[in-house]
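Subject: Structure handover

Hello,

Here is the structure I said I would pass on. It is a predicted model. My notes on it follow below.

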Amino acid sequence: MLTELENAAKVVGVKQVRRALANGQAKRLYLAKDADPQLTGPLERQAAEQGVEIAWADTMKVLGRACGIAVGSAVAAMI
């Protein structure tokens with residue numbers, strides 16, 4: 001499921017994902033299992049309330065790599 005992020009329209013990072021969820025643009029939310037729950041928890045709840053599918057990455061490093069960035073990422077969303 002993470003491989004689809006490579007070529008998909010996406011946003012990466014808490015602020016951009018929060019904005020995408022607020023605007024109703026997020027189609028799938030990706031969360032890293034090792035990310036700080038204080039950062040990801042509110043986004044996970046908001047996505048669940050909106051019926052947005054949630055997918056998990058094992059680590060922030062794996063999620064960052066799937067997004068095509070050189071650093072780890074706690075969250076990303078396909079838009």
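The four strands form an open sheet in the order β1-β4-β2-β3, with mixed pairing. From one strand to the next, the twist averages 20°.

On the pairing of β2: strand β2 (residues 28-32) runs parallel to strand β3 (residues 53-57), and five bridges link the two. One of these pairs Ala32 with Ala57 in β3. With β4 the sense is antiparallel, and four bridges join β2 to that strand. Here Arg28 has Met78 of β4 as its bridge partner.

Helix α2 (residues 37-50) belongs to a right-handed β-α-β unit together with β2 and β3. The helix lies across β2, β3 and β4 and runs at about 155° to β2.

Next, the core. The largest nonpolar core contains 27 residues, and Val17, Tyr30 and Leu63 have the most contacts inside it. At least two residues of this core come from each of α1 (14-22), β2, α2, β3, α3 (60-66) and β4 (75-78). Leaving out residues up to four places away in sequence, Tyr30 touches Met1, Leu2, Glu4 and Leu5, as well as Ala55, Leu63, Ala74, Val75, Ala76, Ala77 and Met78.

Is Arg28 buried or exposed? Arg28 lies in strand β2 and has a relative accessible area of 13%; the cut-off for buried is under 20%, so Arg28 counts as buried. Its side chain makes a polar contact of 3.0 Å with the side chain of Glu53, and another of 3.4 Å joins the side chains of Arg28 and Tyr30. Apart from neighbours within four places in sequence, Arg28 is in contact with Met1, Glu4, Val52, Glu53, Ala55, Ala76, Ala77 and Met78.

The other is Glu49, in helix α2. Glu49 has a relative accessibility of 69%, and because the cut-off for exposed is over 50%, Glu49 counts as exposed. The C-alpha atoms of Glu49 and Ala74 are separated by 20 Å, with the two residues 25 apart along the chain.

Regards

Methods:
Residues are numbered from 1 along each chain as its sequence is written. This is a predicted model: local features need pLDDT of at least 70, side-chain atom pairs count only at pLDDT 80 or more; totals for chains, interfaces and linings use all residues. Side-chain values use heavy atoms; hydrogens and water are left out. Two strands pair if DSSP finds at least two bridges between them. A crossover is right-handed if, with the strands pointing away from the viewer, the path from the first strand over the helix to the second runs clockwise. A nonpolar core is a set of buried Ala, Val, Leu, Ile, Met, Phe, Trp, Tyr and Cys residues joined through side-chain atoms within 4.5 Å. Buried means under 20% relative accessible area, exposed over 50%, partly exposed in between (1.4 Å probe, protein chains only). Contact means heavy atoms within 4.5 Å. A polar contact is a pair of N or O atoms within 3.5 Å; within protein, one must be able to donate a hydrogen and the other to accept it, and residues adjacent in sequence count only if both atoms are side-chain atoms. Axes are lines fitted to C-alpha atoms, for helices over the stretch in contact, and angles run from 0 to 180 degrees between N-to-C directions.
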